[in-house]
Amino acid sequence: MLRRRKIIRYRTLTATGEDYFFQFYRNQWSESTGVSLPTRLVVVGNMASQCSLSTLFPIQSELDCALDDSTTEQEKENLVKDYLEKLDEKEDLKIPDFQTGLEWLNTEGPLSLNKELSGKVVLLDFFTYCCINCMHILPDLHRLEKKHSAKDGLVIVGVHSAKFPNEKALDNIRSAVLRYDICHPVVNDSEARLWHDLEVSCWPTLVLLGPRGNLLFSLVGEGHRERLALFTASALRHYGERGLLKTHAVGVKLYRDSLPPSVLSFPGKVAVDGIEKRLAIADTGHHRILVVSTAGQLLHAVGGPKSGRRDGDFSEASFSSPQGVAIKGEAVYVADTENHLIRKIDLLERRVSTLAGVGAQGTDKEGGAMGPQQPISSPWDVTLGSAGGGEGNVLWIAMAGTHQIWALFLADGKLPKGSECKAGTCVRWAGSGNEENRNNAYPHKAGFAQPSGLASAPEEPWGCLYVADSESSTVRTLALKDGAVKSLVGGEWDPLNLFAFGDVDGKGVDSKLQHPLGVAWAPEQSRLYVADSYNHKIKVVDPKAKQCSTLAGTGEAGDTLGPEFDKSRFNEPGGICIGDGGKLLYVADTNNHQVKVLDLFSKTVSLFPISRDCVDAVPTNPSAPTKAPTLPRSAARKEMPPAAVSAGQTLVMSLALSLPEGTKLTEGAPSCWALSAEGNEWLLEGRVLTGDIVDLSKPFSISTKIPAVIKDFNSSPSLTLGVWLYYCLETGNACMMKAASFKQPLQIGADGGEEETSVTLAHAF
């Protein structure tokens, strides 16, 4: 069996055989298990320590083989039970504790296997946030968390072991934790100390520990949901029966609960309809699609704020972390990434339908079925094109989950050198399915590595699709005439080296990118623009000369409107498109929760404003939540004297805020207020009122009408006004966020007075 062969190779690993092992692993094993391998990783020495996975693998291999041959659930449970009893006899499988001084997320403080996690079954998830395979196992972890709590004895800990330098920064990991809705503790093992101690060899790797930090099981790659559930349930039952589990809570503090509301949340992609002067924005974190005029007027908001998978009219349709968008006329095509679907939004009919996918992750790497019957895997971008038919008869798909480029035929057509395809057919066009940086004249023999961005350049002499191939840190071309795949910029010639990244302007492979996610073609200039995501830059490529150079961004993550290109900062921009006849670039500045506009003539950067008021009547705007975000612990809290108000009267709250001397509001940052009535939700009809804060030069007013019908005159209701301000030093780059709240008790009388009454609130930060 393949797993057994892998173990034998690992156990006989020598200093001269290391490179052979990793090449064998990539070509022969990762295809079926879904792993991402560090091709240049070196294991130091050939003697494994007693507390590493190389000690566990030969023990577990016998169990794995027996489980593969078993037929009933009871037989499997008995096998695992016997395995655990034998494992308890070994005293040499306790792993080292987490290194002190590491950064933690989603916790109240650092965790230790010897303290907070003692008496728990602990599942370690070794991941890096760029890896599509790591994303694929998150639903399995969510399912486990719902079934087994810390009180039951299970704690999941994400161990982030970065591939790219950009992924070592805590702020970037925090953004990924929010994007992926990770609700368990995560430790930033930036130097991969635990990775090396345990001799982990690829992403993702799951390691299950017993209540004394002892190794129990390991699962490598994705696709192990059933076995993971079996191992976890068996371990909890085994140690629970022996009284070795503890029921204490582990201090979990979710960062997402302290976030202020914003119009956008981690926007992934943006597309422009030049004729109708509209933008389609994938508001990924809010699980919705926005259609906005180029002036910023919100025309349609479809889906959100929670994830879901439902077709239908705008009032009921839902998405799950959508990424790629393409807009033409009254149709918006959507890569509904975490639903593994391709969706269509009909703006005239106000309906959403599914064009491809079955709603679950597929493993098929060939395709050819009708769209709704064809399983697909993590589509990341889409763009319209033509293939053996009329203009726009095909939707090209960057299928990140299988490392391929697919085609969905919207009308009858034909792939280059392929057979005829009927409308509705969804089929692989290019990519073997191996995660590689392999160029080839035959599209099925080429290899991509998590393709994440597409741009079509059908006109001659280009005649190609440009592909942002994120995990190889390259931009590639895919010829529309014959499907030949070639290198344009970035990476290197070795197809197995996915670590040839950096930030270097230059020609061809001498230039270096770091995990680019988006590309946009400007036919007017014959230039390709690249969202070089992990370098926090926008770059421009001359495809004829294969010359790549920095256009905007300093290379440091931030949120600064220069306004000059070389003084502006971005934070992992993920999407890009060209508008206004090649004059403007629209950039989805993902981790800044914004869309920015680059004027290619004035060389300036500005924030693209989006109104909160939608002309579409569908109530899908997440800016009107039912619960206020949690204030940070450092927030100032003020209790105001009671205000006398009457039923039906309007209460006007005049708010005066002042910043420290020498500071100013951060332009474009989501400074805002939120008015809530926790415990007395009837005061605001069950809503939370929110608004932006853009000017502190004078007090501003917030008004709310007291209900005409009072539920309880004997109660002591109150309103709470929270404010979140982002501000920076006027003379430097240091920026910060501060918050404050005002609790306003109300004394409500039945007698009507004047139409409105006012209270004054003030705070100096």
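In which sense do β1 and strand β4 pair, and over how many bridges? They pair in the antiparallel sense over three bridges, with β4 spanning residues 186–188. Here two strands pair if DSSP finds at least two bridges between them, and helices (H or I, at least four residues) and strands (E, at least two) are DSSP runs numbered from the N terminus.

A word on the source: this is a predicted model, in which local features need pLDDT of at least 70 and side-chain atom pairs count only at pLDDT 80 or more, while totals for chains, interfaces and linings use all residues. Residues are numbered from 1 along each chain as its sequence is written, and side-chain values use heavy atoms, leaving out hydrogens and water.

**The sheet around β1**

Let us stay with β1 for a moment. Within this pair, W104 stands opposite V187 in β4. Both strands belong to an open sheet of six, ordered β1-β4-β3-β2-β5-β6 with mixed pairing. β1 and β6 stand at the edges, each with a single partner strand, so one side of each is left without a neighbour in the sheet. From one strand to the next, the twist averages 20 degrees. Helix α7 lies across β1, β3 and β4, running at about 20 degrees to β1; angles run from 0 to 180 degrees between N-to-C directions, with axes fitted to C-alpha atoms, for helices over the stretch in contact.

| Element | Residues |
|---|---|
| β1 | 103–105 |
| β3 | 154–160 |
| β4 | 186–188 |
| β6 | 215–220 |
| α7 | 170–179 |

**The cores**

The largest nonpolar core has 75 residues, and L117 is among those with the most contacts inside it. Such a core is a set of buried Ala, Val, Leu, Ile, Met, Phe, Trp, Tyr and Cys residues joined through side-chain atoms within 4.5 Å. Buried means under 20% relative accessible area, exposed over 50%, and partly exposed in between (1.4 Å probe, protein chains only). Not counting residues up to four places away in sequence, L117 touches residues including F98, V157 and V250; contact means heavy atoms within 4.5 Å. A second, separate core of 33 residues includes M640, L665, I710 and L719.

**M737 and the whole chain**

M737 sits in strand β44, residues 735–749, and is partly exposed at 29% relative accessible area. Leaving aside neighbours within four places in sequence, M737 contacts P632, W724, L725 and Y726. M737 and W724 are 13 residues apart in sequence and 6.9 Å apart in space, C-alpha to C-alpha.

Overall, the chain has nine helices and 45 strands, and 59% of its 765 residues count as buried.
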